[in-house]
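Visitor: I am new to this structure and would like to understand the words used for its parts. Could you take me through them with care?

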Amino acid sequence: MWHFARIEKGAVTAALALLLVGLTSAALVGAVGISALIEDKKLQVATDLAALSAADTHRGLISGVVCSNAEQILKSVGFDLVQCRIVRDGVEIRGHSMVSFFQLESYAVAGAPR
């Protein structure tokens with residue numbers, strides 16, 4: 001004989017367990033995504049600052065080596081310098097970082113005012 005009450009009781013427990021696992025997974029994915037977005041903004045700001053510093057070094061306003069100064073700025077906040085090129089009157093910088101399973105890159109160009 002078939003007992004409806006037993007089937008429903010077990011189904012509710014299983015449904016609640018699945019719901020809890022789903023909500024926890026969604027919260028974890030959301031937290032990782034938000035931290036990646038925050039890290040991406042920090043990387044972009046650091047890359048912009050590195051490009052400005054490198055451009056000022058290239059113009060002779062700051063002492064040092066162009067790409068070395070840019071790398072020091074990025075390293076000081078935990079990011080990596082991927083590329084540093086002198087282009088025309090400015091400098092092109094590419095920064096890199098890893099957050100969980102996200103690979104982040106940023107790009108900035110700075111030079112003399114026109």
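Guide: In this predicted model, an open sheet of three strands has the order β1-β2-β3, with antiparallel pairing; strands here are DSSP runs (E, at least two residues), as helices are (H or I, at least four), numbered from the N terminus. Residues are numbered from 1 along each chain as its sequence is written, local features need pLDDT of at least 70 and side-chain atom pairs count only at pLDDT 80 or more, while totals for chains, interfaces and linings use all residues, and side-chain values use heavy atoms, with hydrogens and water left out.

Visitor: What makes β1 and β3 the edge strands?

Guide: β1 (80-87) and β3 (102-111) each pair on one side only, where two strands count as paired if DSSP finds at least two bridges between them.

Visitor: How do you know that β1 and β2 are paired?

Guide: Seven bridges join β1 to β2, and the rule asks for at least two, so the two strands count as paired. One of the pairs across them is Q83 with its bridge partner R94 in β2. Strand β2 (residues 90-99) also pairs with β3 in the antiparallel sense, over ten bridges, and V99 stands opposite F102 in β3.

Visitor: What does α2 touch in the sheet?

Guide: Helix α2 packs on the sheet and touches β1 and β2, contact being heavy atoms within 4.5 Å. The direction of α2 makes about 150 degrees with that of β1, an angle taken between N-to-C directions on a scale from 0 to 180 degrees, with axes fitted to C-alpha atoms, for helices over the stretch in contact.

Visitor: Which residues of α2 are buried, and why are they said to be on the same side?

Guide: In helix α2 (residues 66-76), the buried residues are V66, N69, A70, I73 and L74. They cover an arc of only 130 degrees around the axis, which puts them on the same side of α2; the arc is that of the directions from the helix axis to the C-beta atoms. The face turned away from this buried side carries the exposed residues Q72 and S76.

Visitor: Why is S97 called buried?

Guide: S97, in strand β2, has a relative accessible area of 6%, and buried means under 20%, exposed over 50% and partly exposed in between (1.4 Å probe, protein chains only), so S97 is buried. Not counting residues up to four places away in sequence, S97 touches E39, L43, F79, F102, Q103 and L104.

Visitor: Why is R88 called exposed?

Guide: R88 is found in the loop between β1 and β2, and its relative accessible area of 79% lies over the limit for exposed residues, so R88 is exposed. R88 also has a positive phi of about 50 degrees although it is not a glycine.

Visitor: How do you know that K75 and D80 form a salt bridge?

Guide: The closest N and O atoms of K75 and D80 are 3.1 Å apart, and a salt bridge is a side-chain nitrogen of Lys or Arg within 4 Å of a carboxyl oxygen of Asp or Glu, so the pair meets the rule. By this rule the count comes to three salt bridges.

Visitor: What makes R59 and D56 a salt bridge?

Guide: Their closest N and O atoms are 3.9 Å apart, which is within the limit, so R59 and D56 count as a salt bridge. Both lie in helix α1 (residues 4-59), three residues apart, about one turn of the helix.
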